[in-house]
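Here's a walk through a helical model, one piece at a time. Keep the viewer open and click along as we go.

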Amino acid sequence: MTTADTDLSPDAAKAEALHQSALEALSRKEIETAREGFAKALGLFEALGDDIGVAMTSHNLGLTCQEAGELDDARAWLEKSLAISEREELDGGMTVTCHQLGVVAQLAEDHDAAMEWYIRALALEEKDGNVAGEAKTSHQLGIVSHLRGDLEAAKAWYARSIDCFDKVGDEQSVANTRKLLDFVTDYQRQGSHEGHEGPCGRPQ
């Protein structure tokens with residue numbers, strides 16, 4: 001995973017091709033095809049001693065399990081990916097995997113764990129100046145805070161998300177997050193959800 005495509009060995013090139021094909025299958029929601037492709041790529045990356053390839057493929061196996069609703073397996077694959085990224089000091093890998101572990105915890109309705117993972121991802125995004133990442137993670141922190149009943153925290157996270165989305169010029173996400181902020185504000189003022197659409201809870 002660290003050399004140019006033209007320098008790849010036959011096995012490395014095969015692993016890359018299998019991984020790319022599996023990504024395309026996952027994008028089409030062809031879960032079993034994606035799972036099989038990632039598993040084959042993972043075996044090759046492991047045989048090659050390519051830790052970055054193993055981390056990347058484990059992460060994507062986690063995504064595949066998440067799409068299939070297999071949240072325990074998703075968490076296990078993501079934790080494997082994270083352990084490698086931590087060992088190799090791969091900030092980018094740690095960031096995306098911490099965020100995804102937050103998503104999996106949120107889907108499992110483990111809101112405390114989701115908060116912890118999102119906070120960890122946010123710290124890495126702040127460190128790396130990843131404003132787009134901060135925006136998405138702050139959005140999720142707003143939703144989870146809302147689901148936990150902490151409306152003041154939800155408003156603060158949504159406001160931060162809006163500011164970050166605005167900085168990167170993502171007008172659609174600004175509008176979507178502002179709707180959630182307005183919903184919380186109206187709920188506090190009126191004491192009722194009637195007539196309003198609540199937080200979708202859909203991970204960013």
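Let's settle one word before anything else: buried means under 20% relative accessible area, exposed means over 50%, and partly exposed is in between (1.4 Å probe, protein chains only). What you have is a predicted model, where local features need pLDDT of at least 70, side-chain atom pairs count only at pLDDT 80 or more, and totals for chains, interfaces and linings use all residues. Residues are numbered from 1 along each chain as its sequence is written, and side-chain values use heavy atoms, with hydrogens and water left out.

Start with helix H8 (residues 151-167). Helices here are DSSP runs (H or I, at least four residues), strands are runs of E (at least two), and both are numbered from the N terminus. H8 has 17 residues and reaches 24 Å from its first C-alpha to its last, close to the expected 24 Å; that expected span is 1.5 Å times one less than the number of residues. Its buried residues are Leu 151, Ala 153, Ala 154, Trp 157, Tyr 158, Ser 161, Ile 162, Cys 164 and Phe 165. Their cover includes helix H6 (111-128), helix H7 (131-147) and H9, going by contacts, meaning heavy atoms within 4.5 Å. After H8 comes Gly 169, with a positive phi near 75 degrees.

Lys 155 pairs with Glu 152, N to O at 3.6 Å. The two are three residues apart in H8, so about one helical turn separates them. As a rule, an α-helix has 3.6 residues a turn, so residues three or four places apart point the same way. Lys 155 is partly exposed, at 22% relative accessible area.

Which of the two partners is exposed and which is buried? Arg 189 counts as exposed at 58% relative accessibility, whereas Asp 186 counts as buried at 17%.

Now for a salt bridge that reaches across the sequence. Glu 70 and Arg 35 are paired, with their closest N and O atoms 3.0 Å apart. Glu 70 sits in the loop between helix H3 (51-67) and helix H4 (71-87), while Arg 35 is in helix H2 (residues 31-48), so this pair ties together parts that are 35 residues apart in sequence. Glu 70 is partly exposed, at 28% relative accessible area. Shared partners join Glu 32, Arg 35 and Glu 70 into one network of salt bridges. The model's salt bridges come to 17.

While you're in H2, find Gly 43. This glycine is partly exposed at 34% relative accessibility. Gly 43 is 28 residues from Ala 15 in sequence, and their C-alpha atoms are 8.4 Å apart.

Next, the nonpolar cores: sets of buried Ala, Val, Leu, Ile, Met, Phe, Trp, Tyr and Cys residues joined through side-chain atoms within 4.5 Å. The largest has 15 residues, and Leu 26, Ala 34, Phe 38, Phe 45 and Val 54 touch the most other members. Helix H1 (10-27), H2 and H3 are the elements giving two or more residues to this core, and H2 gives the most, with seven. A second, separate core of 13 residues includes Tyr 158, Cys 164, Val 174 and Val 184.

Among the buried ones are Cys 98, His 99 and Gln 100, and the buried set packs against H3, H4, H6 and H7. Just after H5, Glu 109 takes a positive phi of about 65 degrees.

And the cysteines? A disulfide needs a pair of cysteine sulfur atoms within 2.5 Å, and a search of the whole structure finds zero. For Cys 65, the nearest cysteine sulfur is that of Cys 98, 18 Å away. Cys 65 is buried at 3% relative accessible area. For Cys 98, the nearest cysteine sulfur belongs to Cys 164, 18 Å away, and Cys 98 is buried at 0%.

Key
Salt bridge = Lys/Arg side-chain N within 4 Å of Asp/Glu carboxyl O.
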